[in-house]
Amino acid sequence: MSIGLTVGADGWVSAARALPSPNFEARPDGAAPTLIVIHNISLPPGEFGGSAIADLFLNRLDCDAHPYYDAHLRGLRVSSHFVIRRDGVLEQFVSCNERAWHAGLSNFFGRERCNDFSIGVELEGSDDTAFEVPQYETLAALVKALVARYPIDALVGHSDIAPGRKTDPGPHFDWQRFAQDAALPARYFPYRHG
Ligand SMILES: [Zn+2]
């Protein structure tokens, strides 16, 4: 299946389910994003479905509902531009023109504060589960649309820019397949070799 997506001048993908998060700020100097960061997330960890990821990004997660939330997520203010659910449904929380809070402490070949110049895409998943075909399809369509709109020159995993602290998107994310699906040459993938 081939999906066509477009990013508007306002930084929103019209075909995405819009769930505007208050967790964002302006990019420094209004600079356009040049980096895409791929993540995985599931809440509770390893469980799919439900609304907990969106609730977290919308500051409405009930942290009494699960011990993991209580221990790790209370008071956290985070967001990502996009979440791709297990069935391929695309959710958007922050305009791509704004700075979302997904990467944390990070370093891209000497450039810190990767949130300043990146777009965050969360795949609903975990480090020990294969991702679903519809997720790859939506991701490829999304990345094509982002590359068409912004001067993107690199795609990385969260673990590439926060090594030792982050492990996502994990060993099950198939970079080769993704590069093929998105029709992007190897120069877009500075951390992938061979
Ligand atoms: Zn991450």
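This report describes the overall build, the nonpolar core and one annotated region of a predicted model.

## Overall build

The chain contains 5 helices and 10 strands. Its radius of gyration is 15 Å, close to the 16 Å that the globule rule gives for 194 residues, so the chain is as compact as a globular protein of that length. Along the principal axes, the C-alpha trace spans about 45 × 40 × 35 Å.

Of the 194 residues, 38% are buried.

In soluble globular proteins, nonpolar side chains tend to be buried together. The largest nonpolar core in this chain has 43 residues, and the members that touch the most others are Ile36, Val37, Val121, Leu139, Leu142 and Leu146. At least two core residues come from each of these elements: strands S3 (35-41), S4 (82-84), S9 (118-124) and S10 (154-157), and helices H1 (52-57) and H3 (133-149). Helix H3 gives the most, with 8 residues.

Which residues is Leu139 in contact with, leaving aside its neighbours within four places in sequence? They are Ile84, Val121, Leu123 and Phe178. Val121 is also listed with Leu139 among the core residues that touch the most other members.

## The annotated region

An unreviewed UniProt entry carries the annotation "domain: N-acetylmuramoyl-L-alanine amidase" for residues 21-170. Over residues 21-170, the chain is 22% helix and 23% strand. The end C-alpha atoms of this stretch are 26 Å apart.

Notes:
Residues are numbered from 1 along each chain as its sequence is written. This is a predicted model: local features need pLDDT of at least 70, side-chain atom pairs count only at pLDDT 80 or more; totals for chains, interfaces and linings use all residues. Helices (H or I, at least four residues) and strands (E, at least two) are DSSP runs, numbered from the N terminus. The radius of gyration is taken over C-alpha atoms; the globule rule is 2.2 Å times the number of residues to the power 0.38. A residue is buried if 20 or more other C-beta atoms lie within 10 Å of its own, exposed if 12 or fewer, and partly exposed in between; C-beta atoms are placed from the backbone. A nonpolar core is a set of buried Ala, Val, Leu, Ile, Met, Phe, Trp, Tyr and Cys residues joined through C-beta atoms within 7 Å. Two residues are in contact if their C-beta atoms, placed from the backbone, lie within 7 Å. UniProt positions are given in the numbering used here, feature names are shortened, and annotations may be inferred rather than shown by experiment.
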